[in-house]
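Here are my notes on the model you sent. Please read them with the structure open.

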Amino acid sequence: MYIEATEQVFEMVLLEQSIRIVATPTEYEINYGDGTVYGPTPVPGGPLGQDRWGEATQTSHAYAASGDYQVGATVYFSGTYSVNGGTVIPIDGRATVSSPAQTLRVWRSETRSVADNCLVNPNGVGC
């Protein structure tokens, strides 16, 4: 799993002053839905190419049982602002933005090699 979050820029006029606010993601948290939480961490994870599927990453998670899990993410943003293009000033504290939970279905499967099909061996594996 991984989180995609980008810097957000807000520009507005307030009391006839040009205000620019920049919110930058600084930490990430993944709730895997089974009681396990990863983070907060500066690591958002990232997608893997198909040739690397199955490779463990910092944000990977192994579920103990099959089932439906409600997975969510939280991103922590730090901010700065400036007035009329002047000095950039840090904003005290940080904003916390959580995503709506998404259902993740975890399945387990068992594979076996067989020598014939169910017509030949009706008592075989999977018949």
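1. Is Tyr63 buried or exposed? Tyr63 is buried, because its relative accessible area is 10% and the cut-off for buried is under 20%. Keep in mind that this is a predicted model.

2. Tyr69 falls in the buried class too, because its relative accessibility is 12% and that class takes values under 20%.

3. Next, the aromatic contacts. The structure holds one aromatic pair. Its partners are Tyr63 and Tyr69. The ring centres lie 4.5 Å apart, and the planes make an angle of 35°. The pair is classed as tilted, because 35° falls between the limits of 30 degrees for stacked and 60 for edge-to-face.

4. Which residues make up the largest nonpolar core? There are 12 of them. Tyr63 and Tyr69 are both on the list. S4 gives the most, with five residues.

5. Now the strand pairing, starting with S1. Strand S1 covers residues 8-14. S1 pairs with S2 in the antiparallel sense, over seven bridges. Leu14 stands opposite Gln17 of S2. The two strands form a hairpin, with two residues between them. Look at Leu15 in that turn: its phi is positive, at about 55°.

6. S2 also pairs on to S3. Strand S2 spans residues 17-31, and strand S3 spans residues 37-41. They run antiparallel and are joined by three bridges. S2 and S3 form a hairpin with five residues between them. Gly33 sits in this turn and has a positive phi of about 85°.

7. How much space lies in the largest pocket? The volume is about 320 Å³. The lining counts 15 residues. Nearest the pocket centre lie Met1, Glu55, Thr59, Ser60 and His61. By class, eight lining residues are nonpolar, six are polar and one is charged. Glu55 is that charged residue, because Glu counts as charged and Glu55 belongs to the lining.

Conventions:
Residues are numbered from 1 along each chain as its sequence is written. This is a predicted model: local features need pLDDT of at least 70, side-chain atom pairs count only at pLDDT 80 or more; totals for chains, interfaces and linings use all residues. Side-chain values use heavy atoms; hydrogens and water are left out. Two strands pair if DSSP finds at least two bridges between them. Helices (H or I, at least four residues) and strands (E, at least two) are DSSP runs, numbered from the N terminus. Rings of Phe, Tyr and Trp (its six-membered ring) pair if their centres lie within 6.5 Å; planes under 30 degrees apart count as stacked, over 60 as edge-to-face and the rest as tilted. Buried means under 20% relative accessible area, exposed over 50%, partly exposed in between (1.4 Å probe, protein chains only). On a 1 Å grid over the protein atoms alone, a cavity is a set of points where a 1.4 Å probe fits but cannot get out, and a pocket is an open set with protein on both sides within 12 Å along at least five of seven lines; lining residues have an atom within 4 Å of a point. Grid points are joined across faces, edges and corners, and a volume is the space filled by probe spheres set on the points. A nonpolar core is a set of buried Ala, Val, Leu, Ile, Met, Phe, Trp, Tyr and Cys residues joined through side-chain atoms within 4.5 Å.
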